[in-house]
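Grab a pencil and work through these exercises with the sequence and the model open. Try each task yourself before you read the solution.

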Amino acid sequence: MGTNNLIFLENLEWFDETGQELVHRLPEEGSAEIKYGAQLTVRESQAAVFFYKGKAVGAFGPGRHTLKTANIPILTKIASLPWGGTSPLRAEIYFINLKVFTNLKWGTRDPVAFKDSELGLIRLRAFGIFNLQIVQPVLFVNSLVGTQGMFTTAEIEEYLNRVIVSRYNDYMGETIDSILNLPSKYDELSQGLSERLTEDFSHFGIRMTHLYINSITPPPEVQQAIDDRSRMGVFDDMNKLMQMKAAMAMEKASESAGGSGMGMGTGLGLMMPAMFAQYFAGAQPRSGQDQPESKCPECANSIPTSSKFCPDCGHQLLVFEQCTRCSKNLTPTAKFCSRCGHPTEEKPATRSCPNCGNVNLPDAFFCNECGEKLS
């Protein structure tokens with residue numbers, strides 16, 4: 001029986017018809033004059049929190065329970081005439097679904113920056129699923145649900161996704177040096193990320209039962225670069241194999257009998273040392289052209305392109321921050337410009353990224369936008 005009646009006692013119960021509701025409130029709109037002696041029925045996969053006079057006064061497990069309020073049939077209506085016939089002794093029941101909600105999706109809406117030890121700064125997309133369960137009903141209602149009539153997995157999924165992505169970025173930056181090592185570490189990443197999220201979820205009375213990483217993918221151009229790199233390794237091995245087979249074939253030809261064979265054998269005998277020398281030295285760079293150089297913007301001296309500092313003047317080549325007056329590259333912790341002495345801007349007191357200004361979670365370690373480690 002519903003809560004909108006004058007004489008009869010209420011019989012309160014709830015069935016989840018959608019399979020997606022975390023919390024359901026009775027009544028769904030506003031509050032009710034739940035009467036003394038109303039019956040509350042809670043199923044095995046549920047818990048109920050009784051709010052009376054605006055406070056949580058009891059939590060109930062499976063079974064049938066009798067509720068006690070100061071609302072008496074008929075008498076309460078008479079006593080509430082000064083309030084327009086509406087009793088100020090309001091009450092609500094929140095039913096909490098305690099089952100494990102499975103196949104909730106998480107993923108990066110935008111690519112997350114990651115500093116790869118071999119490929120440099122790249123942006124990754126990650127996708128997966130997770131399961132959650134409410135373990136502290138009162139804390140969950142007070143911290144997340146509030147006064148909503150219904151609260152579904154879709155409403156909490158977006159926030160939890162943001163938390164998971166931030167923790168994923170931190171964990172990746174601390175444990176993985178290159179995405180080339182990812183395929184063998186999916187299980188390890190899933191377990192470590194799940195353990196790190198345990199504390200975050202516990203603040204809301206939620207427990208993450210499982211978390212799975214389905215895929216971590218770089219942009220198409222990075223995937224193409226990885227494929228090209230693999231092909232180059234195959235080609236190098238094939239070249240060595242072909243050179244060796246050619247040398248063996250020529251050696252056999254030089255041993256053949258005949259007049260022309262004697263001349264060929266003499267010529268091949270002279271060519272063999274050079275061919276084997278080229279074979280064994282095939283993997284070594286032949287000239288300085290394999291290591292390109294560039295100019296230092298400070299002293300204009302030639303430097304290798306992979307250098308982070310100029311070997312002559314010490315100018316920083318990896319740009320973290322630039323002076324607002326003379327545009328000199330500054331180190332991440334510099335307080336004054338080493339060229340003109342101009343003070344750098346003060347770092348924000350929040351967890352905003354000092355490199356790109358992106359706002360991250362308060363205790364994040366790496367920026368979701370640029371991959372920089374937060375100070």
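**Exercise 1.** Which residues does asparagine 161 touch, not counting residues up to four places away in sequence?

*Before you start.* You're looking at a predicted model, where local features need pLDDT of at least 70, side-chain atom pairs count only at pLDDT 80 or more, and totals for chains, interfaces and linings use all residues. Residues are numbered from 1 along each chain as its sequence is written, and side-chain values use heavy atoms, with hydrogens and water left out.

*Solution.* 
- Step 1: find asparagine 161 in helix H3, residues 153-175. Helices (H or I, at least four residues) and strands (E, at least two) are DSSP runs, numbered from the N terminus.
- Step 2: look for contacts, meaning heavy atoms within 4.5 Å. Asparagine 161 touches Lys105, Trp106 and Gly107.
- Step 3: zoom in on glycine 107, whose backbone nitrogen lies 2.6 Å from a polar atom of the asparagine 161 side chain.

**Exercise 2.** Is asparagine 161 buried or exposed, and why?

*Solution.* 
- Step 1: recall the cut-offs. Buried means under 20% relative accessible area, exposed over 50%, and partly exposed in between (1.4 Å probe, protein chains only).
- Step 2: asparagine 161 has 17% relative accessibility, so it counts as buried.
- Step 3: Isoleucine 129 has a relative accessible area of 21%, so it is partly exposed.

**Exercise 3.** What does isoleucine 129 touch, not counting residues up to four places away in sequence?

*Solution.* 
- Step 1: list the contacts of isoleucine 129: Asn103, Leu104, Lys105, Trp106, Leu211, Tyr212 and Asn214.
- Step 2: pick asparagine 214. It sits 85 residues from isoleucine 129 along the chain, yet their C-alpha atoms are separated by 7.5 Å.
- Step 3: now go to serine 190, which touches Leu211, Tyr212 and Ile213, again leaving out residues up to four places away in sequence.

**Exercise 4.** How many aromatic pairs does the structure hold?

*Solution.* 
- Step 1: Rings of Phe, Tyr and Trp (its six-membered ring) pair if their centres lie within 6.5 Å; planes under 30 degrees apart count as stacked, over 60 as edge-to-face and the rest as tilted.
- Step 2: the structure holds 6 such pairs.
- Step 3: check one of them. The ring centres of phenylalanine 51 and tyrosine 94 are 5.1 Å apart and the planes meet at 65 degrees, so this pair is edge-to-face.
- Step 4: Phenylalanine 51 is in strand S4 (residues 46-52) and tyrosine 94 in strand S7 (residues 91-97), so the pair links parts of the chain 43 residues apart.
- Step 5: check burial. Phenylalanine 51 is buried at 9% relative accessible area, and tyrosine 94 is buried at 3%.

**Exercise 5.** Which residues are the closest to the centre of the largest pocket?

*Solution.* 
- Step 1: know the term. On a 1 Å grid over the protein atoms alone, a pocket is an open set of points where a 1.4 Å probe fits, with protein on both sides within 12 Å along at least five of seven lines; lining residues have an atom within 4 Å of a point.
- Step 2: of the 17 lining residues, the closest to the centre are Arg109, Asp110, Arg162, Val165 and Asn368.
- Step 3: look at where the lining comes from. H3 gives the largest share, 5 residues.

Conventions: Polar contact = N/O pair within 3.5 Å; in protein donor to acceptor, adjacent residues only side chain to side chain.
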